[in-house]
Amino acid sequence: MTKKNFDDNAEVPEDEGSDAAASGPSPQENPDSAEAAAAEGSDGSITDPVEGLTVDDILNAEQTDEAAAGDAAIADAESALLNDLKRLQAEYANYRRRTEEQRHVEIARAKGEAAKGLLPVLDDLDRATQHGDLVEGTPFFVIGEKVRTVVERLGVVAYGEKGEAFDPQHHEAIFQQPTPGATASTILDVVEVGYRLGDVELRPAKVVVAVPAE
């Protein structure tokens, strides 16, 4: 049997090359493009790949009972938190008010204790003035004025003068003198001046009271 020689330079028919190119592997489609095409509806709206719902369908969907109950629970929780916040604010405001009031009380108490220590000195100054021992221009007179200035800066006020109406809540009557022509109880003489600091009475005024003779 003889071997058949093939011509290496033999031309390939043009039709056979075209068929070979046509029979090659077809281009693969992009999976993402396929999914996007499937998700996009015929009218161009976006649909959920699983449920097949558009965005408009989701937004316009009726609320279920379960969702409504969840919203109601959230609203109740928010209302409870708001009420708690208001209660805490009210408690804090009351705390600040009580603290401020207590602070003023403590300041007045401290001033009162300081002023009480000066009351005997003020009594000595009054007696020295009545006896003429404090002459204006002398060193003791200057010292006395400085002491009175300090007391006034503390807010201490003296009260109880001759001729005033007697008030048992502020005056201490050490003697009652029946006086002809007197129609009401009045202060006939002041034995010891009274002092007060704001609403706090440091010492009542000790007085002699003139009362109607009958």
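Is Asp124 buried, partly exposed or exposed, and what is its relative accessible area? I looked this up first in what is a predicted model, and I noted Asp124 as partly exposed, because its relative accessible area is 45%.

I then turned to the partner of Asp124, which is Arg127: their side chains meet in a salt bridge with an N to O distance of 3.1 Å, and both residues lie in helix α4, three residues apart, or about one turn of the helix. Arg127 counts as partly exposed at 44% relative accessibility.

In helix α4 (residues 65-130) I also looked up Glu91 and Arg87, which are four residues apart and thus separated by about one helical turn; their closest N and O atoms are 3.2 Å apart in a salt bridge. I recorded Glu91 as partly exposed at 43% and Arg87 as partly exposed at 42%.

My next entry concerns Glu192 and Arg203, whose side chains form a salt bridge at 3.6 Å, N to O. Glu192 belongs to strand β3 and Arg203 to strand β5 (residues 200-203), so the pair ties together parts 11 residues apart in sequence. I found both Glu192 and Arg203 to be buried, and shared partners join Asp123, Glu192, Arg203 and Lys206 into one network of salt bridges.

Last, I followed the sheet, which is open and mixed, with its three strands in the order β2-β6-β3. Since β2 (171-179) and β3 (186-192) each have a single partner strand, they stand at the edges, and one side of each lacks a neighbour in the sheet. I noted that β3 pairs with β6 (residues 205-212) in the antiparallel sense over five bridges, with Asp189 opposite Val208 in β6.

Definitions and conventions. Residues numbered from 1 in each chain as written. Predicted model: local features only at pLDDT ≥ 70, side-chain atom pairs only at ≥ 80, totals over all residues. Heavy atoms only, no water. Pairing = 2+ DSSP bridges. Helix = DSSP H or I, 4+ residues; strand = E, 2+ residues; numbered from the N terminus. Salt bridge = Lys/Arg side-chain N within 4 Å of Asp/Glu carboxyl O. Buried < 20%, exposed > 50% of the residue type's maximum accessible area, 1.4 Å probe, protein only.
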